[in-house]
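Let's take a friendly walk through a protein model together. Have the sequence and the 3D view ready, and follow along one step at a time.

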Amino acid sequence: MILIDDQPYGQSCPSDKTVRELARETCAATSDQARRMVVAIYCNGKAVTDDELNAVLDAPAGSFEQLELQTQPVAGLVRTTLEQAIALVDSAAPIRAAAADLLDGGDYVAAMGQFQKLLEIWRQLQQSLVFCSQALEINLDTLTLDGCRFTDLANLTKANLADLREAIRNQDPVLIGDLLRYDLEEVFAKWGSFLASMKSSHQA
């Protein structure tokens, strides 16, 4: 049995049709349905893990006693992801402020902890953008919004974070202060504008 969003698959499934092909067919945009994305697959009642995913996708859909695909509209997923990414960017401000205060007090160990939080924000931000680019079928390497190129902003962020890590290790208060209060403030402001533009253009 094949279920799509808890409903029986409405047609016979050829014996050689793979789960991947079934997923593409299910998610394709039609005149009466916006494009969707598979968010979960269940085989015989068990959720497919990331490690199992490719093998399941390449297997014939009819080879399972029960196969379930759960989907969601791409538009909603992208909108939610971008809203979460914008919130992430906003959360960087108090972290930068906390790091600056700790460094002013000479507590470099605790400041490094705040730096790790900034790195985690950057990691999650990259994951969000990769997901959105794949969902929207756009190339991040060539994406430019309001005159700002993704690659330029990404490279600037990496350079600033690398400089901050080195400055903290060298206990250079002047450079650390400049990076936290000026350089990174500007970088995260640019990310906020970039994400807002991406959200706006997606909704347009």
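A residue counts as buried when its relative accessible area is under 20%, as exposed when it is over 50%, and as partly exposed in between. Keep that in mind as you look at this predicted model. Arg-36 has 22% relative accessibility, so it counts as partly exposed. Asp-5, with a relative accessible area of 24%, is partly exposed as well.

These two residues meet through their side chains in a salt bridge, at 3.7 Å from N to O. Asp-5 sits in the loop between β1 and β2, while Arg-36 belongs to strand β3, and the two are 31 residues apart.

The model has ten salt bridges by the rule used here, and two others deserve a look. Lys-199 and Glu-83 are joined at 3.3 Å, N to O. Lys-199 lies in helix α6 and Glu-83 in helix α3, so this pair ties together parts that are 116 residues apart in sequence. Arg-123 pairs with Glu-120, and their closest N and O atoms are 2.4 Å apart. Here both partners are in helix α4, three residues apart, which means about one helical turn separates them.

Now stay with helix α4 and find its neighbour. How do α4 and α5 run relative to each other? Their axes come within 11 Å and cross at roughly 165°. Angles over 145 degrees count as roughly antiparallel, so that is how α4 and α5 are arranged. The crossing is left-handed. Among the residues that meet there are Phe-115 and Trp-122 from α4, and Leu-161 and Ile-168 from α5. The contact is made up of twelve nonpolar, two polar and three charged residues.

Notes: Residues numbered from 1 in each chain as written. Predicted model: local features only at pLDDT ≥ 70, side-chain atom pairs only at ≥ 80, totals over all residues. Heavy atoms only, no water. Axes fitted to C-alpha atoms, helices over the stretch in contact; angles between N-to-C directions. Helix = DSSP H or I, 4+ residues; strand = E, 2+ residues; numbered from the N terminus. Parallel < 35°, antiparallel > 145°, perpendicular 65-115°, else oblique. Left-handed = near helix turned anticlockwise from the far one by under 90°. Contact = heavy atoms within 4.5 Å. Nonpolar A, V, L, I, M, F, W, Y, C, P; charged D, E, K, R; others polar. Salt bridge = Lys/Arg side-chain N within 4 Å of Asp/Glu carboxyl O. Buried < 20%, exposed > 50% of the residue type's maximum accessible area, 1.4 Å probe, protein only.
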